[in-house]
Amino acid sequence: YGHVVINVEPNDPGKGYHFENKIVGGVIPKEYIPSVDKGMQEAIKNGIIAGYPIEDIRVELVFGSYHDVDSSEMAFKMAGIFAFKDAMQKASPILLEPIMKVEVSTPDEYQGELMGDLNRRRGQIQGMESRGKVCVIDAFVPLENMFGYSTDMRSLSSGRADYSMTPSHFEQVPQNLVQGIVDTNAREPIRS
């Protein structure tokens, strides 16, 4: 037997997981608190959307109960897992994707085709700059859509364009794509 009540809220970006024990009065014995924390960490690692881990979250253990005979560390670990999953379902979590900063250098005559290709890849054009006869296009593009870009870019520019790509930030996956990601991950075996 294990019973826990938790509060879950987003943590500051980049701060990771933070667990805080706010139990007072011994409603859960101290020896079971680390088990609750371990259960939460396991649930965070496995996530609730397509098996992706959860990032930047604060959890407060605020209440619970135990039984003198039937409580165990495993029971409280499982209580932590179930409480966390239940709380996350109610919190309406979002799926994030990595966004890359892409800079494409191309002769002016290929600028339109390359901008169109970046737009088809869900890219957001940030600006263009002319440097002599070369046009430099700056864009943010989801990493998922950059696979195969080098080949396509060279085909569109007759091999005369070049690009660089660096990680920039994370953004929410558009809702119309989330179900496809969930369905794809449901069909693929999970490897650890």
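Predicted model: local features only at pLDDT ≥ 70, side-chain atom pairs only at ≥ 80, totals over all residues.

Angles here run from 0 to 180 degrees between N-to-C directions, with axes taken as lines fitted to C-alpha atoms, for helices over the stretch in contact, and contact means heavy atoms within 4.5 Å.

Residues are numbered from 1 along each chain as its sequence is written, and side-chain values use heavy atoms, with hydrogens and water left out.

Strand β5 runs antiparallel to β6 (residues 134-142), and seven bridges join the two. Q124 has F140 in β6 as its bridge partner, and G127 stands opposite D138 in β6. The hairpin of β5 and β6 has two residues between the strands, and G132 in that hairpin takes a positive phi near 70°.

## The three-stranded sheet

A second open sheet holds three strands in the order β1-β3-β2, with mixed pairing. Its edge strands are β1 and β2, each of which pairs on one side only, and the twist averages 25° from one strand to the next. Strand β1 is joined to β3 (residues 57-65) by eight bridges, and the two run antiparallel; H3 stands opposite S65 in β3. Helix α1 (residues 33-46) packs on this sheet, touching β1, β2 and β3, and its direction makes about 155° with that of β2. Helix α2 also packs on the sheet, where it touches β1 and β3 and makes about 40° with the direction of β1.

G16 lies in the loop between β1 and β2 (17-21). Although G16 and D56 are 40 residues apart in sequence, their C-alpha atoms are 4.0 Å apart in space. Leaving aside residues up to four places away in sequence, G16 touches N11, D56 and I57.

## The largest pocket

The largest pocket holds about 970 Å³ of space. On a 1 Å grid over the protein atoms alone, a pocket is an open set of points where a 1.4 Å probe fits, with protein on both sides within 12 Å along at least five of seven lines, and lining residues have an atom within 4 Å of a point. Grid points are joined across faces, edges and corners, and the volume is the space filled by probe spheres set on the points.

The pocket is lined by 30 residues, of which P53, E55, I94, L95 and L96 are the closest to its centre. Two or more lining residues come from each of β1 (3-10), α2 (73-91), β4 (96-107) and α5 (175-187). By class, the lining has 21 nonpolar, four polar and five charged residues, with Ala, Val, Leu, Ile, Met, Phe, Trp, Tyr, Cys and Pro counted as nonpolar, Asp, Glu, Lys and Arg as charged, and the others, Gly among them, as polar.

## Overall chain

The protein chain has five helices and seven strands, which follow the pattern β-β-α-β-α-β-α-β-β-α-β-α along the sequence. Its radius of gyration is 24 Å, whereas a compact globule of 192 residues would have one near 16 Å; the radius is taken over C-alpha atoms, and the globule rule is 2.2 Å times the number of residues to the power 0.38. Along the principal axes, the C-alpha atoms fill a box of roughly 80 × 35 × 25 Å.

Conventions: Helix = DSSP H or I, 4+ residues; strand = E, 2+ residues; numbered from the N terminus. Pairing = 2+ DSSP bridges.
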